[in-house]
Amino acid sequence: MELSQIRYFLAAARQQNLSKAAVFLNITQPTLSKSISNLEEELGVLLFDRRGKKLKLNECGKGFLENAEISMRELENAVAEAKNTASSPAMYLGLFHCSERFLMCLGDFSKANPGVIFQTDQLAIPSRNIDTDEFDMLLYPGNPIFRKYKGDIAYSDPYRLAVHKSDPLAGRQSVILSDISDRKLIVIKHAGIPVDLPRQMCANRGVRIRETLFTNSYEAQRLLISCDCGVGFVPAGWARAYAADPNITLLPVDEDKLKQDILIGFKREKHLSADGRRFAAFVRNYFGIKTPAATGGETRRAAAGTGMPAGQKGGLD
């Protein structure tokens with residue numbers, strides 16, 4: 001899902017006319033029509049009822065509009081804030097995963113060190129060409145696709161089940177995997193990333209999924225669940241936006257193994273700035289991670305769930 005698709009959708013929803021929306025956006029009508037069709041195809045649902053050049057939002061479109069407007073306002077605020085700090089030196093953090101626990105750690109450090117500026121880059125998938133040296137720190141899930149990065153487990157993130165507020169499960173205190181049998185499951189899947197853990201565990205437990213809808217972002221998954229298009233598993237660290245959505249109920253899952261290890265890796269100390277070394281020490285202490293010096297020059301990482309052996313040397317390659 002691209003930002004331009006959201007912008008085009010918003011213009012079409014407000015104008016309710018393809019020609020007027022295209023003029024407003026300064027693009028051709030076929031370009032606008034194709035963009036909206038691609039968005040609907042990615043979401044797996046129709047957003048408009050069409051009558052010639054006139055458009056009318058259907059129920060799913062109305063729900064998507066409400067959430068898209070909120071997301072766009074948040075993005076505009078983030079862009080404005082980034083421009084305000086663009087001229088300041090920054091510590092670069094690459095985030096393949098983000099969570100409230102890490103953000104609380106970052107906030108505590110910032111309060112104690114008000115002069116240190118951070119710039120975060122929320123990364124979609126690891127690229128073979130990514131230059132890890134451009135980041136002072138990487139935060140990522142324990143998954144074999146991240147095997148080239150060397151870090152330490154900071155914490156484990158349990159999964160929650162997100163359902164629409166009208167779903168019969170919404171009144172439950174918790175769920176088990178068999179509760180989603182014969183349901184439509186909305187799954188996060190990027191090219192090159194293996195089938196996600198919750199779906200694989202459902203298969204191992206013999207839980208039959210009636211239909212699976214794949215999307216490539218948590219934001220798209222949240223919007224689909226908010227429109228009552230299915231249910232989905234989300235790590236607790238990504239759950240803040242889901243919990244804030246009035247159309248979604250988040251439920252604990254009674255399954256001990258249904259959790260995602262979250263790892264943190266830093267540049268080698270000799271390549272970190274003084275602020276970077278101070279931040280690395282703070283983070284390791286915050287999450288109880290043993291430093292390389294405390295373990296004979298090596299950091300420990302769990303082999304389970306990562307496809308990597310224990311005892312890899314610390315630092316980012």
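Which residues does Gln 221 touch, not counting residues up to four places away in sequence? Select Gln 221 and find out. The model is predicted: local features need pLDDT of at least 70, side-chain atom pairs count only at pLDDT 80 or more, and totals for chains, interfaces and linings use all residues. Residues are numbered from 1 along each chain as its sequence is written, and side-chain values use heavy atoms, with hydrogens and water left out.

**Stop 1: Gln 221**

Gln 221 sits in helix 7, residues 218-226. Helices (H or I, at least four residues) and strands (E, at least two) are DSSP runs, numbered from the N terminus. Show the neighbours now. Gln 221 touches Ile 186, Ile 188, Thr 215, Gly 232, Phe 233, Val 234 and Tyr 242. Here contact means heavy atoms within 4.5 Å. Zoom in on Phe 233. Its backbone oxygen is reached by the Gln 221 side chain at 3.3 Å. Gln 221 has 1% relative accessibility and counts as buried. Buried means under 20% relative accessible area, exposed over 50%, and partly exposed in between (1.4 Å probe, protein chains only).

**Stop 2: two aspartates**

Select Asp 228. It belongs to the loop between helix 7 and strand 9 (232-235). Asp 228 is partly exposed, at 44% relative accessible area.

Now jump to Asp 182. Look in the loop between strand 6 (152-164) and strand 7 (184-188). Phi of Asp 182 is also positive, near 65 degrees. This residue is partly exposed, with a relative accessible area of 40%.

**Stop 3: aromatic rings**

How many aromatic pairs does the structure hold? There are ten. Rings of Phe, Tyr and Trp (its six-membered ring) pair if their centres lie within 6.5 Å; planes under 30 degrees apart count as stacked, over 60 as edge-to-face and the rest as tilted.

Select Phe 9 and Phe 48. This pair is tilted, with 5.6 Å from centre to centre and 55 degrees between the planes. Phe 9 lies in helix 1 (residues 3-15) and Phe 48 in strand 1 (residues 48-51), so the pair ties together parts 39 residues apart in sequence. Phe 9 is buried at 0% relative accessibility, and Phe 48 is buried at 3%.

Phe 64 lies in helix 4 (residues 59-84), so the pair ties helix 1 to a part 55 residues away in sequence.

Last, select Phe 109, Phe 118, Tyr 155, Phe 266, Phe 279, Phe 282, Tyr 286 and Phe 287. Together they form one aromatic cluster.

Key: Polar contact = N/O pair within 3.5 Å; in protein donor to acceptor, adjacent residues only side chain to side chain.
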